[in-house]
Amino acid sequence: MAHHSLMDSGAQNLSPAMDCDTAGIGRRIRLLREERGMSLSALARAAGVGKATLSGLENGTRNPTLETLWAITAELGVPMAMAIGAPAAGTGTAGGGSVSEGTPVVQGTAVGGTLLQVFEDESVTYELYRLVICAGTPQVSPAHHEGVTEHVTVFAGTLSAGPVGAPMRAGPGEHVSWRSDVPHSYVALGEQEVHASLLMRYPRP
């Protein structure tokens, strides 16, 4: 599905939104929660989200933010793709171009993420995202589950990102990585938005 505002180099002040099958996301989250024997109240409390928000998300009536989805999937101990669904085969490109129909797109306070591909091996799941980070607005993301790492390569703009209190700076062509099982932040420095790729590495139990 197209979400052209995320890829528009002039986009500013993007509001939290989810450009995906919200009903499908809700069903997957409910199933993951029930598989773990968690009540809705228990998951909402552990993830730090309102019970009404989680209920609306599971019922497909809420449009979740990136921060909310990361908080919920962290408590469920799963990669975010298990909630939002993997991109359809052949959709998304790592080097630019339009977002194809079937490509999950998530939007947080400042960060827009397009899930391009999910990779699996025997002990690790990888998710590859295209990121657009709006200038002038910081975003703090909740901790993921233990051992998760993030690897960001910047293509345009200047990024400050990493654990809260110890962020790293990267410009075009530079790369930063960190353990993201702690709260971490993203900020586009200056007046130019940041375009980057994000590789999420989730070790499996």
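Colleague: At roughly what angle do the axes of H2 and H5 cross?

Modeller: Roughly 25 degrees. This is a predicted model. In it, the axes of H2 (residues 22-35) and H5 (residues 66-76) come within 10 Å.

Colleague: So what do you call that, parallel or antiparallel?

Modeller: Roughly parallel, because angles under 35 degrees count as that.

Colleague: And is the crossing left-handed or right-handed?

Modeller: The crossing of H2 and H5 is left-handed.

Colleague: Which residues make the contact?

Modeller: H2 brings Ile-25, Ile-29, Leu-32 and Arg-33. H5 brings Leu-69, Ile-72 and Leu-76.

Colleague: How many of those are nonpolar, polar or charged?

Modeller: The contact of H2 with H5 has 6 nonpolar residues and 1 charged. No polar ones take part.

Colleague: Switching to H4. Which of its residues are buried?

Modeller: H4 covers residues 51-58, and its buried residues are Leu-54, Gly-56, Leu-57 and Glu-58.

Colleague: What do they pack against?

Modeller: Three helices: H2, H3 (40-47) and H5.

Colleague: Now the whole protein. How many helices and strands?

Modeller: There are 6 helices and 11 strands.

Colleague: What share of the residues is buried?

Modeller: Of the 205 residues, 50% are buried. The protein exposes about 8,900 Å², with 52% of that from carbon and sulfur atoms.

Colleague: Last one. Among contacts with a separation of 6 or more, what share links residues 24 or more positions apart?

Modeller: That share is 67%.

Definitions and conventions
Residues numbered from 1 in each chain as written. Predicted model: local features only at pLDDT ≥ 70, side-chain atom pairs only at ≥ 80, totals over all residues. Heavy atoms only, no water. Axes fitted to C-alpha atoms, helices over the stretch in contact; angles between N-to-C directions. Helix = DSSP H or I, 4+ residues; strand = E, 2+ residues; numbered from the N terminus. Parallel < 35°, antiparallel > 145°, perpendicular 65-115°, else oblique. Left-handed = near helix turned anticlockwise from the far one by under 90°. Contact = heavy atoms within 4.5 Å. Nonpolar A, V, L, I, M, F, W, Y, C, P; charged D, E, K, R; others polar. Buried < 20%, exposed > 50% of the residue type's maximum accessible area, 1.4 Å probe, protein only. Areas by Shrake-Rupley, 256 points an atom, 1.4 Å probe, with all protein chains shown as cover.
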